[in-house]
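Me: I would like to learn how to read the features of a protein model. Please take me through them one at a time.

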Amino acid sequence: MQRLAALDFEASDKDPKTARIVSAALILVGCPPPTDTRTWTVNPGVAQEPGAIAVHGLTDEYLAEHGQPAEQAIGEIAKAVTEVVAGGTPLVGHNLGGYDLNLLNAECGRHLGDSLEGILRQPLTRVLDTMVLDKHCAPYRRRVSQTQGPYQMRTSAETYGLKWEEDKAHGAAYDAMQSARVAYKIGVIAHTRPEERPDWVLQLRNRRGPYERFSDLAFVDVEELHRRQVVWAREAAASYQEYLRDPVKSGAKHDPKAVIDGSWPLIPAQREAGEQS
């Protein structure tokens, strides 16, 4: 297994452009060196959304007492990520390009005066987003329940046979490690002969019959897999946008003007500027 750097953040709200990091984990895992875990608790200096606190359990009062000042913590996190990227270790996480990296990008601009890629001094080209990979390989999964979506971290973990401990979930270190495990499990299936893959994979169907794309991940390097995820994320966004604009398919969710940004793993700066103008 190639060494991976699992990255996860807990934040003050759902919008990566406005949210503030309240906790973070960066875990180097795989290959002979021992697992190396770094974590941060951050005082964002702003009040959090109540829904965010309900997810991660870190109150404003706790963060004010135990958290590092945001500017100091973001500087340390950015430095740690820079070292990982400079060393060629792939970043892995669940919804990493959809949320976490854009959150870090916004925090870098807010506290460090530069974009994430500006601080890295290179573009991100070795990112593994387990949500993008899972959606591509095993599409059309239904919601587990009213509260558990088809591709959220818990669903992906359980789909690939991992134990889920709800009392530890939504902690940055736990979620980061689970994303690395999901990436490994997806890779194992991709490199297994198609006819020998798990029964649930062999049973994947759409209206046209058997349907799975794990082979799209096999025998390609990380840079090529990154490039493919750019395409898959864009296609998934376009498909969801089409769904939302279709009144028959989307029902109560119908939005004739829905726009789903398929940028991955970072939203272009000019698009952010346009949204804020």
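Reply: We go through the sheet, the core, the aromatic pairs and the salt bridges.

Me: What should I know about the model and the numbering?

Reply: This is a predicted model, in which local features need pLDDT of at least 70, side-chain atom pairs count only at pLDDT 80 or more, and totals for chains, interfaces and linings use all residues. Residues are numbered from 1 along each chain as its sequence is written, and side-chain values use heavy atoms, with hydrogens and water left out.

Me: Start with the sheet. In what order do the strands lie?

Reply: Strands of a sheet pair through backbone hydrogen bonds, either parallel or antiparallel. Two strands pair if DSSP finds at least two bridges between them. Helices (H or I, at least four residues) and strands (E, at least two) are DSSP runs, numbered from the N terminus. Here six strands form an open sheet with mixed pairing, in the order β4-β3-β2-β1-β5-β6.

Me: How do β2 and β3 run, and how many bridges join them?

Reply: Strand β2 (residues 21-29) and strand β3 (residues 36-43) run antiparallel, joined by six bridges. L28 stands opposite D36 in β3. The two strands make a hairpin with six residues between them. In the turn, G30 has a positive phi of about 105°.

Me: And how do β3 and β4 run?

Reply: They run parallel, with two bridges between them. V42 has Q68 in β4 as its bridge partner.

Me: Which helix packs on the sheet?

Reply: Read this through contacts, meaning heavy atoms within 4.5 Å. Axes are lines fitted to C-alpha atoms, for helices over the stretch in contact, and angles run from 0 to 180 degrees between N-to-C directions. Helix α3 (residues 70-86) touches β1 (4-11), β2, β3, β4 and β5 (91-93). The direction of α3 makes about 155° with that of β3.

Me: Now the core. How many residues has the largest nonpolar core?

Reply: A nonpolar core is a set of buried Ala, Val, Leu, Ile, Met, Phe, Trp, Tyr and Cys residues joined through side-chain atoms within 4.5 Å. Buried means under 20% relative accessible area, exposed over 50%, partly exposed in between (1.4 Å probe, protein chains only). The largest core here has 68 residues. L91, L101, L124 and F214 have the most contacts inside it. Helix α8 (residues 172-190) gives the largest share, ten residues.

Me: What does F214 touch?

Reply: Leaving out residues up to four places away in sequence, F214 touches C137, Y160, I186, I189, A190, R197, W200, V201 and L204.

Me: How many aromatic pairs are there?

Reply: Rings of Phe, Tyr and Trp (its six-membered ring) pair if their centres lie within 6.5 Å; planes under 30 degrees apart count as stacked, over 60 as edge-to-face and the rest as tilted. The structure has six such pairs. Take Y160 and F214: their ring centres are 6.4 Å apart and their planes at 75°, so this pair is edge-to-face. Y160 sits in the loop between α7 (153-159) and α8, F214 in the loop between β8 and α10, 54 residues apart. Both Y160 and F214 are buried. Ring pairs link Y160, W200 and F214 into a cluster.

Me: Why is the pair of W164 and Y174 edge-to-face?

Reply: Their planes stand at 75°, with centres 5.3 Å apart, so the pair counts as edge-to-face. W164 lies in the loop between α7 and α8, and Y174 in helix α8, ten residues apart. W164 and Y174 are buried.

Me: Last, how many salt bridges does a search find?

Reply: A salt bridge is a side-chain nitrogen of Lys or Arg within 4 Å of a carboxyl oxygen of Asp or Glu. A search of the whole structure gives 13. E212 and R197 form one, at 2.9 Å from N to O. The pair links distant parts of the chain, 15 residues apart. E212 is partly exposed at 25% relative accessibility, whereas R197 is buried at 3%.
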